[in-house]
Amino acid sequence: MTFGVLGAFYGLVLAFVIVAAWERFNQANTDALQEATALESLYKLGAAFSEPMRSQLDSGVLRYVHRVIDEEWPQMANNTFQPGKVGAHEMWATVLAYRTADSREQMLVDKSIDDLNIITQARSQRFLFYEDDLPSVVWMVIYLGCLMTIGFSYFFGSTIFRAQVIMCGFFSILLGVTILAILELAHPYQGAVTISDQPFRYALSRMEAASTYKKAITSAAPQSLSRASGR
C-alpha cells in the first residue's frame, strides 16, 4: 500500500515534468519556424525597395541565415555558443536608416519592422532555451524521488527472488527511460533529440528560388519609369 501511494505520487511528478519539458521543446521548435519564416518574408520584401536598399537588405538577411546555419546551430549543439552582440542589428540599422520616398515605401518599411520584431523575439527565445535549464529543485525532486521509489520497489510482495529482481529491474529501466526523455526534451539544442535547423535551410532555398522573380521585378522597374516619363 505504501509503495503504491509513493509510486503514484512519483508518477504524477514525472508526468507533470515531462509535459512541461515537451511544451518547452515544442515552443523552441515553433520559435525557430517563426524566425525562419520572418527572414524569408523580409528577404522577399527587399525586392520592392529601390537600390541600394534592396542589395543591403538582401545581403543582411542572407548573412544572418548563413550565420545561423553554419555557425550558431552547430555551436549550440556542442554547447559552445556565445550569443555576444551579433544578431539582427545590421538589418535593423538598414531598415531604420532608410528614408522613404512615398507611402508605398513607408508601408514596406512598416512590414519590414514587423518581420524584424518577430526575428528578434524568436532569436531571444532561442537563446533563452539554449542557456536555461529546468530549475535545480525539479531535478532534485526527480533524482531523489527515483532513488526512493526504486528503494521501495525491493519490497514488492514476491516470495521468488528471481521474480523480485526482474520486477525491480524493469521498474528501474522504466524510470530511467522516462528521466532520459525529460533530459532530452529539456535541452532542445543538444543530445539525440534536438530542434532541427531545417526551417532555416528551407527558408534559404526559398530565398534562392525567389531571386528569379526579384530579378524580374528589378528589370521591370526601369521600364515602368520610362513609360511613366514618356506620358
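The questions and answers below go from the whole chain to single residues.

Modeller: This is a predicted model: local features need pLDDT of at least 70, side-chain atom pairs count only at pLDDT 80 or more, and totals for chains, interfaces and linings use all residues. Residues are numbered from 1 along each chain as its sequence is written, and side-chain values use heavy atoms, leaving out hydrogens and water.

Biologist: How many helices and strands does the protein chain have?

Modeller: Helices (H or I, at least four residues) and strands (E, at least two) are DSSP runs, numbered from the N terminus. The order along the protein chain is α-α-α-α-α-α-α. The count is zero strands and seven helices.

Biologist: What share of the contacts with a separation of 6 or more joins residues 24 or more positions apart?

Modeller: Contact means heavy atoms within 4.5 Å. In the protein chain, the share for residues 24 or more positions apart is 79%.

Biologist: Is glutamate 35 buried or exposed?

Modeller: Glutamate 35 sits in helix 1 (residues 2–45). Buried means under 20% relative accessible area, exposed over 50%, partly exposed in between (1.4 Å probe, protein chains only). The relative accessible area of glutamate 35 is 0%, so this residue is buried.

Biologist: Which side chain makes a polar contact with glutamate 35?

Modeller: A polar contact is a pair of N or O atoms within 3.5 Å; within protein, one must be able to donate a hydrogen and the other to accept it, and residues adjacent in sequence count only if both atoms are side-chain atoms. Not counting residues up to four places away in sequence, glutamate 35 touches residues including Ile119, Arg123 and Phe200. The polar contact, at 2.5 Å, is with tyrosine 64.

Biologist: Why does the ring pair of tryptophan 22 and phenylalanine 25 count as stacked?

Modeller: Rings of Phe, Tyr and Trp (its six-membered ring) pair if their centres lie within 6.5 Å; planes under 30 degrees apart count as stacked, over 60 as edge-to-face and the rest as tilted. By this rule there are seven aromatic pairs. For tryptophan 22 and phenylalanine 25 the centres are 5.9 Å apart, and the pair is stacked because the planes are at 20°.

Biologist: How many residues apart in sequence are the parts that tryptophan 73 and tyrosine 189 tie together?

Modeller: Tryptophan 73 and tyrosine 189 form an edge-to-face pair, 5.6 Å centre to centre with 90° between the planes. Both residues are buried. Tryptophan 73 lies in helix 2 (residues 53–77) and tyrosine 189 in the loop between helix 6 and helix 7 (198–230), so the parts tied together are apart in sequence by 116 residues.
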